[in-house]
Amino acid sequence: MISPPVTGAILAGGRSRRMGSDKGLLPFGGRRLVEVVLERIRPLFPQVMIIADDSVAYGRFGVPVEGDRVPDKGPLGGIHAALCASRFPHTFCIACDMPLANPAVITHLCSLARDHDVVVPCSAKGFEPLHAVYARSCLPHLEQMIREDRLRVDALYAAVRVRRVGEDELRPLDPSLRCFLNVNTPEELEAARGLLCRGGEAACES
């Protein structure tokens, strides 16, 4: 368990235009994709929740489901909802389509949170805002962004104290940075299954 305590929030229930259906509920090795992420993060946090508007579909996974406070604001609205519902000063937010989440990476990010408003990985592709730690102190800025309909998550970073965590800091924990693989298309879903199979993990089962 991470100390001091942090909340874990899985952002789910998006429109998933490229996938054609709700990604979190896709079958994945006899489970649902959101379940794979949940199994990886649940041991780390004393409070775990799923952020989704469909409380019936997501309510079967054994953790509370919190809906967006302001609808149709995308991932930014999901982060806002997670911070509103969190019992702790910091919340780790992860997208439901990141099945290779690495507990060692997550633990490291949370260990850096004390003196920052945001702790966000930064890879060669840029920021990973949906695999990051956010402080409750971000709420006023998020609420202003929602009012102004400025919904890019990384636009928040100019207004708060950010700790960027680069690849050189992360590769000792996850050499291939597989933890940032996300699933947006059926092809990427199959690739993620293949990676888990090669790693000998149960989620590759049909």
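The model I am reading is a predicted one.

**Entry 1. The surroundings of F45**

I looked up the place of F45 and found the residue in the loop between α1 and β4. I then listed its contacts, leaving aside neighbours within four places in sequence. F45 is in contact with M1, I2, V6, T7, G8, F92, I106 and C110.

**Entry 2. The surroundings of F92**

I turned next to F92, one of the residues in contact with F45. F92 lies in strand β6. Its relative accessible area is 0%, so F92 is buried. With neighbours within four places in sequence again left aside, I noted that F92 touches V6, T7, G8, A9, F45, I106, L109, C110, H131, A132 and V133. I also looked up G13, which is 79 residues from F92 along the chain, and the two C-alpha atoms are separated by 17 Å.

**Entry 3. The ring pair**

I asked how many aromatic pairs the count comes to. The count comes to three. One of them is formed by F45 and F92, and this pair is stacked, with 6.0 Å from centre to centre and 15° between the planes. I noted that the pair links distant parts of the chain, since F45 in the loop between α1 and β4 and F92 in strand β6 are 47 residues apart. A pair of aromatic rings is described by the distance of the centres and the angle of the planes. Both F45 and F92 are buried.

**Entry 4. The cores**

I then looked up the nonpolar cores. The largest has 37 residues, and those with the most contacts inside it are I10, F45, I50, Y58, F92 and I106. At least two residues of this core come from each of α1 (33-41), β4 (47-51), α2 (55-58), β6 (90-95) and α4 (103-111). I recorded a second, separate core of 25 residues, which includes M49, A85, V118 and V160.

**Entry 5. A pocket and a cis bond**

Which residues line the second largest pocket? I found S3, P4, P5, V6, P89, H90, C110, S111, A113 and R114 in its lining. By type, these residues divide into six nonpolar, three polar and one charged. The space in this pocket is about 160 Å³.

Two of the lining residues, S3 and P4, held a further detail. The peptide bond that joins S3 and P4 is cis, with omega about -5°. I placed P4 in the segment before β1 (7-11).

**Entry 6. Two positive phi values**

I looked up D72, which has a positive phi of about 60° although the residue is not a glycine. D72 is in the loop between β5 (65-66) and α3 (74-85). Is D72 buried or exposed? I found a relative accessibility of 59%, so D72 counts as exposed.

L177 is likewise a residue other than glycine with a positive phi, near 55°. I placed L177 in the loop between α6 (167-170) and α7 (186-198). L177 is buried, because its relative accessible area is 10%.

**Entry 7. E128**

Where is E128 found? I found this residue in the loop between β8 (126-127) and β9 (131-135). E128 counts as buried because its relative accessibility is 10%. Not counting residues up to four places away in sequence, I noted that E128 touches M98, V120, P121, S123 and F180.

**Entry 8. I146**

I looked up its contacts beyond four places in sequence and recorded V70, K73, L76 and H80. I also took P46, which is 100 residues from I146 along the chain, and the C-alpha atoms of the two are separated by 29 Å.

Definitions and conventions:
Residues numbered from 1 in each chain as written. Predicted model: local features only at pLDDT ≥ 70, side-chain atom pairs only at ≥ 80, totals over all residues. Heavy atoms only, no water. Core = buried A, V, L, I, M, F, W, Y, C linked by side-chain atoms within 4.5 Å. Buried < 20%, exposed > 50% of the residue type's maximum accessible area, 1.4 Å probe, protein only. Helix = DSSP H or I, 4+ residues; strand = E, 2+ residues; numbered from the N terminus. Phe/Tyr/Trp six-rings, centres within 6.5 Å; stacked < 30°, edge-to-face > 60°. 1 Å grid on protein atoms, 1.4 Å probe; cavity = no way out; pocket = protein on both sides within 12 Å on 5 of 7 lines; lining within 4 Å. Points joined across faces, edges and corners; volume = space filled by probe spheres on them. Nonpolar A, V, L, I, M, F, W, Y, C, P; charged D, E, K, R; others polar. Contact = heavy atoms within 4.5 Å.
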